[in-house]
Amino acid sequence: MKLLQRLAVALTMLFFLGLSHAYAEPLTSEQVGRFIASMPELAALGEKYQDSTQRNIDPRRPLGSSLELMGGKGQEYADLAQLAARHGFSSPEQWADVGDRTMQAYQFASSPVPPDQADAMYQQGIANILKDAKLSAEQKQLILGRMEKTHSRNQQARQAVDKDIPALKPHMAELDKLFE
């Protein structure tokens, strides 16, 4: 019975840990500013630790997944912990989360295509595929399935960062320079 209770507690904790990211508080302008201020130091650390090793970095979370690969150990992690502390973050993980969320939100905030226009383009794409006489029914279904998955992922990504975009607005000029 104790094993079942432990398993239930563990599953409950995993469930709430998973939800914590989905319901994270929106970024603040102050957090974004501190992250931006840390970028010159990050560039210097990047040069210091640059190597040609191929790493499996998650493009949606490049900073967070890089930290995970370090396993909380090593001089590089220690240097990132000091960088995070100097810029007012409680941990390198918090710094990485703010950075990843800032970059994700920036992608949408700086997009020349507003969400309603992206949806209209998606609908037009569906119409174009459906009326293309050169495509078989099977090809159309395959293409439409892929389009739907991509569109759905983009919508989910947009919804995930919508709450963070207002914090970026005062920093857009700095972010444009940073990510150009």
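Reader: What makes Arg101 count as buried?

Author: This is a predicted model, and the values are computed from it. Arg101 has a relative accessibility of 9%. Buried means under 20%, so Arg101 counts as buried.

Reader: Which side chain meets Arg101 in a salt bridge, and what makes it one?

Author: Asp164 does, at 2.7 Å, N to O. The cut-off is 4 Å, so the pair qualifies as a salt bridge. Asp164 is buried as well, because its relative accessibility is 1% and the limit is 20%.

Reader: Why is it said that this pair ties together parts of the chain?

Author: Asp164 lies in the loop between α7 and α8 (165-168), while Arg101 belongs to helix α5, so the pair ties together parts that are 63 residues apart in sequence. Asp97 joins in: Asp97, Arg101 and Asp164 are linked in a network of salt bridges.

Reader: How many salt bridges does a search of the whole structure find?

Author: Eight. Among them is the one between Lys48 and Asp79, at 3.1 Å, N to O. That pair links distant parts of the chain, with Lys48 in helix α2 and Asp79 in helix α4, 31 residues apart.

Reader: Are Lys48 and Asp79 buried or exposed?

Author: Lys48 is exposed, because its relative accessible area is 53% and exposed means over 50%. Asp79 counts as buried, because its relative accessibility is 8%, under the 20% limit.

Reader: What are the values for Asp58 and Arg60?

Author: Their closest N and O atoms are 3.2 Å apart. That is within 4 Å, so the pair is a salt bridge. Asp58 has a relative accessible area of 18%, and is therefore buried. Arg60 reaches 58%, and therefore counts as exposed.

Reader: Why are α2 and α4 called roughly antiparallel?

Author: Helix α2 (residues 29-48) and helix α4 (residues 74-86) pack at about 170 degrees, with axes 10 Å apart. Angles over 145 degrees count as roughly antiparallel, and therefore α2 and α4 are given that name. Ser38, Glu41, Leu42, Leu45 and Lys48 of α2 make the contact with Asp79, Leu80, Leu83 and Arg86 of α4. By class, that contact has four nonpolar, one polar and four charged residues.

Reader: How do you know that α6 and α7 are roughly antiparallel?

Author: The axes of helix α6 (residues 115-131) and helix α7 (residues 137-161) cross at roughly 175 degrees and come within 10 Å. The cut-off is 145 degrees, so α6 and α7 are roughly antiparallel. The residues that meet include Tyr122, Ile126 and Ile129 in α6 and Lys140, Ile143 and Met147 in α7. The contact has nine nonpolar, three polar and four charged residues.

Reader: How do you know that Lys140 has no salt bridge?

Author: The nearest side chain of opposite charge is Asp132, 6.6 Å away. A salt bridge needs a distance within 4 Å. Leaving aside neighbours within four places in sequence, Lys140 is in contact with Ile129, Leu130, Asp132 and Leu135.

Reader: Which residues of helix α3 are buried, and what makes Glu68 exposed?

Author: In α3 (residues 62-70), Leu63, Gly64, Ser65, Leu67 and Met70 are buried. These buried residues pack against α2, α4 and α5 (92-109). Glu68 is also found in α3. Glu68 is exposed, because its relative accessible area is 53% and the cut-off is 50%.

How values were computed. Residues numbered from 1 in each chain as written. Predicted model: local features only at pLDDT ≥ 70, side-chain atom pairs only at ≥ 80, totals over all residues. Heavy atoms only, no water. Axes fitted to C-alpha atoms, helices over the stretch in contact; angles between N-to-C directions. Helix = DSSP H or I, 4+ residues; strand = E, 2+ residues; numbered from the N terminus. Parallel < 35°, antiparallel > 145°, perpendicular 65-115°, else oblique. Contact = heavy atoms within 4.5 Å. Nonpolar A, V, L, I, M, F, W, Y, C, P; charged D, E, K, R; others polar. Buried < 20%, exposed > 50% of the residue type's maximum accessible area, 1.4 Å probe, protein only. Lys, Arg positive; Asp, Glu negative; His and termini not counted.
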